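Dear colleague,

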Amino acid sequence: MDSDIGPTTSNWRSSWEFWRRFSLLIEALVVGAAVALLVVQQLYLRGRLREQGKIQQELRASEAKFSGILAIAADAIITVDGTQRIVHFNRGAEEIFGYSAKDAIGRHLAVLLPSRFRDAHADHLERFAQSSSTSRRMGERREIFGLRADGTEFPAEASISKLIAPDGILFTVVLRDITAQRNAEANERFLSEASTDLGHTLAVDATLRAIVDLPVPRLGDACVLDVIESGNSLRRLVSSRQRNELTPSLAALAETPLTYDSPSPVIDAIRRNRRELVENIDEEYMEAFCDPETLPAWRELGARSSLILPLHASGETLGALSLISTDDRGFDAERRSVAEKFAATAAAALSNARLYDAARKAYQARDDMLSIVSHDLRNPLSAISMCARVLRDNPPADDEARAGLLATISQSTEWTHRLIEDLLDVTTIERGHLSLEVRPEDASQLALQAMHMFDVEASAAGIVLDVRLPTSLPLVDADGARVIQVLGNLLRNAIKFTSRGGHVVLGLEAREDALLFSVSDTGPGISDENLRNVFDRYWHSSHGARTRGTGLGLSIAKGIVEAHGGRIWVESIMNHGSTFYFTIPKAPAHGG
């Protein structure tokens with residue numbers, strides 16, 4: 001309890017704080033005077049008691065009045081004499097410091113001070129005794145702290161007054177425990193700084209990293225974030241600010257994302273958009289609610305309790321934030337309240353980041369589309385315009401030359417039409433409005449139709465086009481025209497990247513619940529870093545193609561296959577070609 005009683009050197013932050021401190025000072029002055037007066041009265045009465053036994057009743061009445069006045073005060077009111085021995089210790093002091101009045105009275109005031117302040121405290125009190133001031137607010141130059149009976153420290157505000165009595169000087173301190181106030185201020189500061197940090201970026205990955213890191217260690221010893229990704233899958237991130245010994249187990253948890261079949265309460269929090277508080281994480285709990293492969297990591301982490309908060313914004317649950325405590329602090333009402341406020345701020349930040357990312361991608365898609373329209377449409381339109389101008393201004397005399405011009409116009413028109421259809425298909429697939437006319441179809445016939453579409457193109461390019469179709473294949477449940485469109489996109493792509501003398505093979509194979517289509521080529525192959533991008537819109541290989549495409553064919557193929565409930569993927573070896581695979585569900589058996 002630093003008794004720095006010099007002049008004020010710091011500015012108060014608000015008028016509210018000024019009046020709060022001013023009231024404490026006035027209280028110290030008034031209470032100090034009252035206490036001193038009553039103490040003097042008691043001393044006087046005790047002196048007379050030796051001479052007059054009848055004064056004993058007056059003394060008891062005075063002491064009752066004295067105790068009644070001070071007992072109702074919530075603040076600690078402590079009076080010490082000139083030797084700093086405690087002569088009064090009210091009920092508020094008992095509750096704040098943990099000593100009974102019986103134990104405290106007669107002891108040196110230093111017992112209530114952290115050891116680092118005791119030496120300076122005597123000097124401050126001596127200077128105050130010699131000054132002309134009758135009251136001062138304590139701790140002007142530095143924070144003050146008290147020491148409880150159990151050895152814990154706490155922040156405090158205090159004022160001191162003095163009274164010169166016949167038997168010596170008396171000091172009265174009015175002290176207030178401001179632990180709750182400091183915690184509230186720290187919590188508000190944390191939330192304000194977290195909001196600022198989350199507002200510094202609109203990048204999704206940076207926002208996720210901030211969400212999982214900022215709560216540590218203020219709200220938990222470690223943190224795990226399970227966020228819903230596109231496709232409704234779950235991605236797991238873990239904090240990086242925890243104590244070093246917790247990092248290996250958290251890293252192990254990050255390697256095992258949750259699924260919606262997991263018994264973890266995180267899934268309940270996401271599905272129900274409801275907070276989950278786990279107050280006791282023990283072996284029984286872990287065996288019941290942790291995925292078996294994560295049990296060693298949870299045991300090593302040493303979690304004692306957990307608070308799981310859904311991240312909900314704009315009517316959508318985005319994931320869940322799990323705060324982990326490895327000690328007995330747990331999650332009391334105040335900590336839960338701050339955590340919920342942080343989760344709300346984090347959810348809003350993540351929602352904003354995703355909206356920004358979607359807007360950025362939309363702008364990029366618009367720019368890409370304009371680029372394609374301006375580039376790819378210009379070529380066929382220029383060809384059409386050129387041929388039409390020749391036919392109008394200087395038509396060739398022979399039929400073969402005129403036929404060649406008309407063929408160019410026809411091919412250019414077909415190319416323009418296909419480009420427009422691709423752009424419309426992409427828009428339809430993105431909106432989830434791709435319509436399918438599904439019925440039982442003969443997969444072999446669909447494959448042969450697609451092959452015949454490219455016989456002439458493959459022959460002209462010097463490429464062998466082959467098909468491998470086993471007999472007695474079951475029917476598929478599909479929109480035949482759309483499946484042919486997928487095969488056409490894959491075959492066109494394979495021919496484009498296969499050199500003269502190469503091979504393109506279309507295959508078909510029955511699987512348990514689906515038919516597997518494949519298109520293989522002997523082209524240059526696709527590098528590992530590009531494999532994950534081949535189905536992105538407007539993606540183009542950096543080499544190997546004889547002609548430039550729209551960059552939409554594979555994206556459209558993926559959308560059509562997934563609309564059927566199938567899957568599409570690619571396998572490739574550099575300089576040895578690529579194989580694209582996709583599945584289409586079998587048609588139900590007759591009568592099934």
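The model in question is a predicted one. Cys 387 is likewise buried, since its relative accessible area is 1%.

A related point concerns cysteine pairs. A disulfide is a covalent bond between the sulfur atoms of two cysteines. A search of the whole structure finds 0 disulfides.

As to the overall fold, the protein has 19 helices and 18 strands. It comprises 592 residues, of which 45% count as buried. Of the contacts between residues at least 6 apart in sequence, 65% join residues at least 24 apart. The protein exposes about 30,600 Å², and carbon and sulfur atoms supply 51% of that area.

The structure holds 1 cavity of 30 Å³ or more, and the volume of the largest cavity is about 200 Å³. Its lining consists of 19 residues; Ser 264, Pro 265, Val 266, Cys 290 and Trp 298 are those that lie nearest its centre. At least two lining residues come from each of strand S7 (222–228), helix H9 (265–272), helix H10 (283–289) and strand S10 (305–313). Sorted by class, the lining of the largest cavity has 11 nonpolar, 5 polar and 3 charged residues.

Yours sincerely

Technical notes:
Residues numbered from 1 in each chain as written. Predicted model: local features only at pLDDT ≥ 70, side-chain atom pairs only at ≥ 80, totals over all residues. Heavy atoms only, no water. Helix = DSSP H or I, 4+ residues; strand = E, 2+ residues; numbered from the N terminus. Buried < 20%, exposed > 50% of the residue type's maximum accessible area, 1.4 Å probe, protein only. Contact = heavy atoms within 4.5 Å. Areas by Shrake-Rupley, 256 points an atom, 1.4 Å probe, with all protein chains shown as cover. Disulfide = S-S within 2.5 Å. 1 Å grid on protein atoms, 1.4 Å probe; cavity = no way out; pocket = protein on both sides within 12 Å on 5 of 7 lines; lining within 4 Å. Points joined across faces, edges and corners; volume = space filled by probe spheres on them. Nonpolar A, V, L, I, M, F, W, Y, C, P; charged D, E, K, R; others polar.
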